[in-house]
Amino acid sequence: MLFSIEVNNNIITAQRGETILECLNRNGIFVPTLCHIEGYSPTGACRICVVEVEGRPDLIPSCSHPVEEWMHIKTHSPRVIRARKAIAEMLLSNHPDDCLFCERNGNCELQKLSIDLNLREKRFTGKKIALKNDYASASIMREPSKCILCGRCIRLCETEQEVAAVDFIGRGNQMTIGTSYNHGLSLKNCHQCGQCILICPTGALSEQQHISKVQDVLHKPNQHLVAQFSPALSASLGENFGLKPGKVADNLIVAALSKIGFSKIFDNGVGCDLNIIENAALLANRIREGETMPLFTSCCPSWVHYAETFHPEILPHLSSVLSPQQIMSVLIKWIYAKEEGWEVEDVYTVGLMPCTAKKYEIIRQEMLMNDLYITDAVLTTRELAKFIRLYGIDINNIEPLLPHQPFHIRSTAAKLFGVSGGVTEAILRTVYYMLTGNECSPLTISELRTSNLSKFYTIQAGKYSVRAAVVSSMHQAEKLLQEIEVGKINLDFVEVMACPGGCINGGGQKIGTRQKELKMRSKSIYDIDERENIRVAHKNPIVTELYQKYFGAPLSQKAIEFLHKRKLEKKLEGNEQIL
Ligand code: SF4
Ligand code: SF4
Ligand code: FES
């Protein structure tokens, strides 16, 4: 139901049930917020969003108060502005004041707030609490002294990621954000998805940077610096340089990194295609043998960690196939390098990923091959943008270059890995082929292309029904696991991604991404799939050649040796028939 209210002496339309903040925003009136998260129930913790309501003695937080018919509101009266300034000044009073060196300099909500409120002097100087930085995690770095206690990370981690890896600790002015026993953000519960980085208004949370590691190698003689980029990174990097969201940056990445001095830059599509084929072969075997528990994907390292920590009972059903990043690095170090006559020790592989957890994936114990790391460093989308700027490359004015050979052909199914549902769509295409000997038609599965966090689809492949589910966020994964456990649902295949919407919304992506931009990123990936000719992994000629020359057949001993995880293989003992 619509009604009118008065705001700043103007009449605007309000909707019953919405908050004052929602009503103001819908009418183009901006009120600052800090603790507010869109779609979450409000806590009213920071009070920066206060407004003056005629007849009310106190200022009221607009994010948590419903709009009512009788209201006359002032959003920027002298009293309101005074109150907001005082809140911001208190937050800044014990802030470290090292904005120039902060990861979020220029993209910090606290900085923006002080600019918007025209704060020009430091009136209060609070006692600075010496809080140690937390470097315990392979992917996430915490700087608690920059925390403004908005609580956003706590709510997100608990509700979306299910783990509550961080919480308020201490009381009064000693209160801070910490971990269990204040032991650092360890692997005990945090699965390193990086979603908390995206939601943090300040520089209190950021990724563990690999930029200097890569720089060190760049200037070393006799080192071959080889990069590979993922589909979701390619569809979002351009936004960091003012390009249209979803603009596919494959050729710009190759051009930029070639100028910087990388030896080779590959699209990791061949890695995706091999992942599709090996997973499809695992799934086809399970279906033919009538196994009941579904096969779970393993390309999201956050999900793998969550399953290992909280659901060890499903590990025998977790795919043993390496992620596309790791497959690609195996190809680079143990196949391509040999063909080039390079010593494998002289090859340094860099994953360009939308994901913070990939930094953890590369140092997992089973990710060593012949005592060498398969992938040596990971740059997130944010780090890659910084890296390109650091080397003075004007991405808007460079001549694009095609991804390097010999991994220059990929299917469009490989590109679908960037979006939640895409891995399933890609694998179902190949599994259909494996089960029937025919190509499935149509190839597009629109049911898996919605922005829902939980999606289901059954494909009839000859005499077999293949029942698939797709979930993104650990909350949705947990809900589905419980349904599977109580027998409410029977499935053959489950795709899980920790980041809502998949890698296009990964923890390493641009901070401040809006829903509209996410849609444009996925649209550009779907457009590639509709536009190009090779739409299934098993038709990629480079992949066919790799099987002919090196791996023999999907799930062959050689394929297992190169394309599957060692540790998980062991856990598959007793299930050898799958292979
Ligand atoms: S990285 Fe993910 S799991 Fe870890 S604290 Fe942040 S939101 Fe929670
Ligand atoms: S770490 Fe960031 S998101 Fe979490 S409470 Fe502090 S400022 Fe808020
Ligand atoms: S944004 Fe409303 S109280 Fe924090």
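Two strands are said to pair if DSSP finds at least two bridges between them, and helices (H or I, at least four residues) and strands (E, at least two) are DSSP runs numbered from the N terminus. This is a predicted model, in which local features need pLDDT of at least 70 and side-chain atom pairs count only at pLDDT 80 or more, while totals for chains, interfaces and linings use all residues. Residues are numbered from 1 along each chain as its sequence is written, and chains are lettered from A and ligands numbered from 1 in the order in which they are written.

With these terms in hand, strand β1 (residues 2–7) and strand β5 (residues 72–74) pair in the parallel sense over two bridges, and the bridge partner of E6 in β5 is H72. Both strands belong to an open sheet of five strands with mixed pairing, whose order is β2-β1-β5-β3-β4. Its edge strands are β2 (10–15) and β4 (60–61), each of which pairs on one side only. Helix α2 (residues 78–93) packs on this sheet and touches β3 (50–53) and β5, its direction making about 155° with that of β3; here axes are lines fitted to C-alpha atoms, for helices over the stretch in contact, and angles run from 0 to 180 degrees between N-to-C directions.

At the level of domains, whose bounds come from an automatic or database domain assignment, the protein chain is given domain 1 (2–76), domain 2 (92–207) and domain 3 (211–270 + 326–397). The centres of domain 1 and domain 2, taken over C-alpha atoms, are separated by 27 Å. Eight residues of domain 1 are in contact with 11 residues of domain 2, contact meaning that the C-beta atoms of two residues, placed from the backbone, lie within 7 Å. On the side of domain 1 that touches domain 2, the residues divide into seven nonpolar, one polar and no charged, where Ala, Val, Leu, Ile, Met, Phe, Trp, Tyr, Cys and Pro count as nonpolar, Asp, Glu, Lys and Arg as charged, and the others, Gly among them, as polar.

The ligands come next. Ligand 1 is surrounded by 14 residues, the closest being C157, A165, C190, C193 and C196, and a residue is near a molecule if its C-beta atom, placed from the backbone, lies within 6 Å of it. The elements giving two or more residues to this shell are α4 (152–159) and α5 (195–199), and the shell residues divide into nine nonpolar, five polar and no charged. Around ligand 2 there are also 14 residues, of which C147, C150, C153, C200 and A204 come nearest, and that shell divides into 11 nonpolar, two polar and one charged.

A second open sheet has four strands in the order β12-β19-β18-β17, again with mixed pairing. β12 (295–296) and β17 (454–461) stand at its edges, each with a single partner strand, so one side of each is left without a neighbour in the sheet. β17 runs antiparallel to β18 (residues 464–472), to which eight bridges join it, and K455 stands opposite V470 in β18. Helix α16 (residues 474–485) packs on the sheet, touching β17, β18 and β19 (493–497), and its direction makes about 140° with that of β18. Between β17 and β18 lies a hairpin with two residues between the strands, in which G462 takes a positive phi near 60°. β18 and β19, by contrast, pair in the parallel sense over five bridges, with M497 in β19 as the bridge partner of S472.

Helix α10 (residues 301–310) has seven of its 10 residues buried, so it is largely enclosed by the rest of the structure. A residue is buried if 20 or more other C-beta atoms, placed from the backbone, lie within 10 Å of its own. The buried residues of α10 pack against β12, α12 (358–361), α16 and β19.

Technical notes:
A residue is buried if 20 or more other C-beta atoms lie within 10 Å of its own, exposed if 12 or fewer, and partly exposed in between; C-beta atoms are placed from the backbone.
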